[in-house]
Amino acid sequence: MSKQHLIALDLDGTLLTDKREISNKNKEILMKAMEDGHIVVIATGRPHRASIQYYKELGLNTPMVNYNGALIHHPTDTKWDVLHNPMPRRTALNIVQTCYDLDTYNVVAEVQDNVYLDKFDQKIIDIFHQASNDSPFIIGSIKSKLTEDPTSLLIHPKEDHISSLRKHLDEFHAEVIEHRKWGAPWNIIEIVKKGINKAVGLQKIAHYFQIPQERIIAFGDEDNDLEMIDYAGVGVAMGNAIDPLKSIANHVTVTNEESGIGLFLEEYLKLNVTNVK
């Protein structure tokens with residue numbers, strides 16, 4: 001067996017196919033990797049409620065990174081030291097006011113698994129994969145309803161306002177927040193507290209398991225994966241990743257539709273798995 005590695009998986013565009021499913025190939029290889037003693041964790045921009053189904057599908061028993069590092073927790077171990085780093089409410093409300101001034105389509109604030117939606121929008125509700133046992137959305141003006149420091153803000157701007165909004169965030173809030181853009185078709189801007197990213201979560205988990213940096217394998221495809229891919233000793237960009245991520249990655253595998261994670265791990269960790277597609 002090769003030495004124990006920590007394997008960090010982004011979800012959308014990475015582990016998941018475009019239909020938001022884990023391919024048989026990826027599942028088989030990850031199961032084999034865990035059987036061989038490697039540690040698998042999920043590191044995603046999604047909240048807990050929209051990622052726990054994949055955690056359970058893989059049979060994980062490890063900490064998870066949500067909200068791009070703003071929440072690091074262990075879904076099955078309540079004694080694990082939770083790290084929750086929300087942004088100041090005052091900052092969030094200032095940004096919400098800017099969104100009102102620019103007449104953005106919508107704004108979402110999340111306080112862990114509580115979701116505040118400025119205006120009702122079924123498409124946005126569907127994105128969040130609401131399950132029947134989830135807390136209901138709190139719908140209405142975020143400026144009046146948000147009473148706590150939010151874990152993250154999501155802004156759905158009009159397409160011709162994306163650059164001006166991001167420029168505004170850089171000019172007026174760069175010292176206190178980080179902002180990233182989701183890929184098409186949504187072009188949603190996601191905002192978390194300054195200094196928060198997936199690498200922060202990965203570092204905490206690696207320290208917990210005493211895995212050295214050179215034995216961390218991380219997979220990603222978007223700009224919210226940049227720090228994690230750069231931090232990992234083995235940073236792997238998907239074939240469908242953005243060019244800036246490919247340029248800093250140690251390796252580029254095939255796309256999420258072609259089970260890039262499974263194919264890379266099978267070869268890199270020399271996993272002996274029966275042929276599965």
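Predicted model: local features only at pLDDT ≥ 70, side-chain atom pairs only at ≥ 80, totals over all residues.
View 1. Residues are numbered from 1 along each chain as its sequence is written, and side-chain values use heavy atoms, with hydrogens and water left out. Ser152 has a relative accessible area of 0%, so it is buried; buried means under 20% relative accessible area, exposed over 50%, and partly exposed in between (1.4 Å probe, protein chains only).

**View 2. Five strands line up as an open sheet.** The order is E2-E1-E12-E13-E14, and the pairing is parallel; two strands pair if DSSP finds at least two bridges between them. E2 and E14 are the edge strands, each pairing on one side only. Between E12 and E13, which run parallel, there are four bridges. Look for Ala218, which stands opposite Gly235 in E13. Helix H11 packs on this sheet and touches E1, E12, E13 and E14, with its direction at about 160° to that of E12. For that angle, axes are lines fitted to C-alpha atoms (for helices over the stretch in contact), and angles run from 0 to 180 degrees between N-to-C directions.

**View 3. The largest nonpolar core has 28 residues.** A nonpolar core is a set of buried Ala, Val, Leu, Ile, Met, Phe, Trp, Tyr and Cys residues joined through side-chain atoms within 4.5 Å. Ile7, Leu9, Leu15, Ile217, Phe219 and Leu265 have the most contacts inside this one. At least two of its residues come from each of strands E1 (6-9), E2 (39-42), E12 (216-220) and E13 (234-237), and likewise from each of helices H1 (11-15), H2 (24-35), H3 (52-57) and H11 (260-268). Zoom in on Ile7: leaving out neighbours within four places in sequence, Ile7 is in contact with Ala33, His38, Ile39, Val40, Val41, Ile217, Phe219, Leu265 and Leu269.

**View 4. Phe219, Phe264 and Tyr268 bring their rings together.** The whole structure has four aromatic pairs; rings of Phe, Tyr and Trp (its six-membered ring) pair if their centres lie within 6.5 Å, and planes under 30 degrees apart count as stacked, over 60 as edge-to-face and the rest as tilted. Phe219 and Phe264 are edge-to-face, at 5.7 Å centre to centre and 80° between the planes. Because Phe219 lies in strand E12 and Phe264 in helix H11, the pair ties together parts that are 45 residues apart in sequence. Phe264 and Tyr268 are stacked, because their ring centres are 5.3 Å apart and their planes are at 15°. Those two are four residues apart in H11, so about one helical turn separates them. Phe219 is buried at 0% relative accessibility, Phe264 is buried at 11%, and Tyr268 is partly exposed at 34%.

**View 5. Trp80 joins a ring cluster and has a lysine over its ring.** The cluster links Trp80, Tyr208 and Phe209 through ring pairs. The charged end of Lys204 sits over the Trp80 ring, 4.9 Å from its centre; a charge counts as over a ring if NZ of Lys or CZ of Arg is within 6 Å of the ring centre and within 35 degrees of the ring normal.

**View 6. Asp103 and Ser259 have positive phi without being glycines.** For Asp103, phi is about 55°; this residue is in the loop between helix H4 (89-101) and strand E6 (106-111), and is partly exposed at 46% relative accessible area. Ser259 has a phi near 55° and lies in the loop between strand E14 (251-252) and H11, where it counts as buried at 8% relative accessibility.

Note on methods: Contact = heavy atoms within 4.5 Å.
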